[in-house]
Amino acid sequence: MKVTQEKLPASQIGLEIEITPEITKQKYEQVVKNLSKTVNIPGFRKGKVPRQILLQRLGVTRIKAAALEELIPDGIEEAVKQEAIQAIGQPRLRSSFDDLINNYEPGQPLVISAAVDIEPEINLTQYTGLQAKAEEIKYDPTRVDELLDKERQEMATLIPVEGRAAQIGDIAVVDFKGVITKAEGEDESAEPTPIPGGEATDFQVELQEDKFIPGFVTGMVGMNPGDTREIAAQFPDPYANKELAGKPALFTVTLKEIKEKELPELNDDFAQEVSEFETLAQLRASLETRYQKEAEDKTKANQQEALLEVLIKNVEVDLPATLIEQEVDAMLTQTAMKLSQQGLDVKKLFTQDIIPQLRERSQPEAIERLKRSLAIQEIGKRESIQVTPPEVQARVKELIEQYPDEDVDPVRLQSVVENELLNEKIIDWLLANSSVELVPYGSLSATEEPAAESADQSPETATEEATTSPE
């Protein structure tokens, strides 16, 4: 078989394939033979239709088309093997099918034009000495106190209060009923519109302004048990219920009881109640270590992201359509799995009408992700960065112990972990051979600020990818 190669854009190889006269005739005759055995023509038994009658009834064009449907894929497959082309995805026919039918003469050579995608060549104009800026996330000691205070609030005992009015911080037990306030110009004689779900009995509300819509809580301050008061409030905009967003409301509130929180003492007993530690000092030390590591991890993630943003600007690659489509598929599958885990009906969200739009919108991100991953792989090859089997096994063991209830495929998990560890090593190498200036948090503009996401996969992601699909 004579094959001529041509380099095409988007990492494609063009193939001009000349199919020999022997094969064009053999395939045509085989199709005629097969049709004579299967086609039903009145007046003739199946398998006994004379050749000339068969050609007249079916037409030469139909028979040629049937032969070409076998010749084309067979010819392309053989050409790819003959030329030892490492093709990805499905080949594409470049010739017009109608032209092929017109040009096809059994016993004469037939030329087919096709294209196949191949792995792209990566040109890194620079990958060492890169310079970037990243926001530094500093450890905030107040977070420890905030968490401990939150735990105390959740463990608080509610004590009935008598002899005083309601104040901020109390827990109030109320009956209330709300209506939408009439707007200017509306019929004053018309009945006010009740708020959907805006009525309750023995409702317990904490008197903190962020616990209800603006105006409701402050309007209750100063009430005594048994008091009834009309309180004006305002639904925020935006609001979960769009029909209520921004609208003024009037609530009739009856205060039935006031309670106040009695917080547990912040001592060793408290530490034992809320954690596995024996002393408050141990609990504090653990929280400090946790938040310090969290700040360090976020800072490193910012450094990685900032560096990779600079790296992909130095990537020159002609991406084939197959890789882009595969990446879009992976992105949409990942999104669908997350939505499904949240209890949403993916089939209703991913309709046949919406999928093409999602695919189109996902392409720019898919291209960026491919550039990033291909650049990282190329650096790993150039610098001979590898992971060892003991490193992979140690991480696999750690993940299995961390998520004992997950149904994981050990082989798949090992593959994911190996890729994850390799990415980590390559990115650490990049950090060591580049300069990332740390700047205060919030100092970068919105257009410059890198997302605080690690470029490599998290352990949770690795486990998720190796987990058996719910389907």
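In which helix is Glu391 found?

Reply: Glu391 is found in helix H12, which spans residues 389-402. Helices (H or I, at least four residues) and strands (E, at least two) are DSSP runs, numbered from the N terminus. The model is a predicted one, in which local features need pLDDT of at least 70 and side-chain atom pairs count only at pLDDT 80 or more, while totals for chains, interfaces and linings use all residues. Residues are numbered from 1 along each chain as its sequence is written, and side-chain values use heavy atoms, with hydrogens and water left out.

Glu391 has a relative accessible area of 32% and is therefore partly exposed; buried means under 20%, exposed over 50%, and partly exposed in between (1.4 Å probe, protein chains only). Leaving aside neighbours within four places in sequence, Glu391 is in contact (heavy atoms within 4.5 Å) with Leu421 and Lys425. Leu421 stands 30 residues from Glu391 in sequence, yet their C-alpha atoms are 8.2 Å apart.

The loop that joins H11 to H12 contains Ser384. Although Ser384 is not a glycine, its phi is positive, at about 55°. Its relative accessibility is 56%, so Ser384 counts as exposed.

Two further helix pairs deserve attention, both involving helix H13 (410-432). Two packed helices are described by the angle between their axes and the distance between the axes. H11 and H13 pack at about 80°, with axes 10 Å apart; here axes are lines fitted to C-alpha atoms, for helices over the stretch in contact, and angles run from 0 to 180 degrees between N-to-C directions. The two helices are therefore roughly perpendicular, a label given to angles of 65 to 115 degrees, whereas those under 35 are roughly parallel, those over 145 roughly antiparallel and the rest oblique. H11 contributes Ile376, Ile379 and Gly380 to the contact, and H13 contributes Asn423, Ile426, Ile427, Trp429 and Leu430. By class, this contact has six nonpolar, two polar and no charged residues; Ala, Val, Leu, Ile, Met, Phe, Trp, Tyr, Cys and Pro count as nonpolar, Asp, Glu, Lys and Arg as charged, and the others, Gly among them, as polar.

H8 and H13 likewise pack at an angle of about 80°, their axes 10 Å apart, and this makes H8 roughly perpendicular to H13. On the H8 side the contact is made by Lys300, Gln303, Gln304, Leu307, Leu308 and Leu311, and on the H13 side by Ile427, Asp428, Leu430 and Leu431. Six of these residues are nonpolar, two polar and two charged.

The largest nonpolar core has 37 residues, of which Leu124, Leu311, Phe350 and Ile379 touch the most other members. Two or more of its residues come from each of strand E6 (131-136) and helices H8 (280-311), H9 (321-341), H11 (354-382) and H13. Such a core is a set of buried Ala, Val, Leu, Ile, Met, Phe, Trp, Tyr and Cys residues joined through side-chain atoms within 4.5 Å. Beyond four places in sequence, Leu124 is in contact with Leu311, Asn314, Val315, Ala375, Glu378, Ile379 and Arg382.

Finally, a word on confidence. The mean pLDDT, the predictor's confidence in each residue from 0 to 100, is 89 for the protein, and 92% of residues reach 70 or more. Over residues 447-471, however, pLDDT stays under 50. Where pLDDT is low, the predicted coordinates should not be read in detail.
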